Amino acid sequence: MADLEDIRTGRHCVSALHAHLVFVTKFRHRVFDDRHLARMEEIMWAVCTDFEAELVEFNGDNNHVHLLVNLPPKVALARLVNSLKGVSSRRMRQEFPDLARHYYRANKLWSGSYFAGS
């Protein structure tokens, strides 16, 4: 059961929706280090805030990231994932030109697939 602080209350609904998301890099290239992951967490947090969702936890390795997101029922998970991957890919490639050398053909940071568990 969800803790009381994790329960969202709205005018007509009460919810506790959490999603565990995993994004992997295109071709599983090992491209991230600590400075990349720190900036990625800031970007992901900002995108979640725009969707009125809460980034509860963020963790990553050199070729993937894990997110635990608490989201309101009005947000479609697929739209949130699309924004998270799109915005983070664009901003990370702009701010860190060293990432672009791994993706000179694809020009994408993330694989097209993702894991979502609730």
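Which residues does Leu71 touch, not counting residues up to four places away in sequence? Leu71 touches Arg8, Leu17, Ala19, Ala53 and Leu77, where a contact means heavy atoms within 4.5 Å.

Before I go on, a word on the source. This is a predicted model, in which local features need pLDDT of at least 70 and side-chain atom pairs count only at pLDDT 80 or more, while totals for chains, interfaces and linings use all residues. Residues are numbered from 1 along each chain as its sequence is written, and side-chain values use heavy atoms, with hydrogens and water left out.

Back to Leu71. Its place is in strand β5; helices (H or I, at least four residues) and strands (E, at least two) are DSSP runs, numbered from the N terminus. Leu71 is buried, with a relative accessible area of 6%. Buried means under 20% relative accessible area, exposed over 50%, and partly exposed in between, with a 1.4 Å probe and protein chains only. The C-alpha atoms of Leu71 and His102 are separated by 33 Å, and these two residues are 31 apart along the chain.

Asn70 also lies in strand β5. At 1% relative accessibility, Asn70 counts as buried. Leaving out residues up to four places away in sequence, Asn70 has contacts that include Asp6, Arg8, Leu17 and His18.

Next, helix α1. It covers residues 34-50, has 17 residues, and reaches 25 Å from its first C-alpha to its last, close to the 24 Å expected at 1.5 Å a residue. That expected span is 1.5 Å times one less than the number of residues.

Which residues of α1 are buried? They are His36, Leu37, Met40, Ile43, Met44, Val47 and Cys48. Seen down the axis of α1, these buried residues fall within an arc of 135°, so they line one face of the helix. The arc is that of the directions from the helix axis to the C-beta atoms. What covers the buried residues of α1 includes β3 (17-24), β4 (54-60), β5 (64-71) and α2 (77-95). The face turned away from the buried side carries the exposed residues Asp34 and Trp45.

Now the two ends of α1. At its start, a side-chain oxygen of Asp33 reaches to within 3.2 Å of the backbone nitrogen of Arg35. After the helix comes Glu52, whose phi is positive, near 60°.

Last, the rings. How many aromatic pairs does a search of the whole structure find? It finds two. Rings of Phe, Tyr and Trp (its six-membered ring) pair if their centres lie within 6.5 Å; planes under 30 degrees apart count as stacked, over 60 as edge-to-face and the rest as tilted.

Phe23 and Trp110 form an edge-to-face pair, 5.7 Å centre to centre with 65° between the planes. Phe23 lies in strand β3 and Trp110 in the loop between α2 and β6 (115-117), so the pair ties together parts that are 87 residues apart in sequence. The rings of Phe32 and Trp110 have their centres 5.7 Å apart and their planes at 55°, so that pair is tilted. Phe32 is in the loop between β3 and α1, 78 residues from Trp110. Both Phe32 and Trp110 are buried, and Phe23 is buried with a relative accessible area of 0%. Ring pairs link Phe23, Phe32 and Trp110 into a cluster.

Methods
A polar contact is a pair of N or O atoms within 3.5 Å; within protein, one must be able to donate a hydrogen and the other to accept it, and residues adjacent in sequence count only if both atoms are side-chain atoms.
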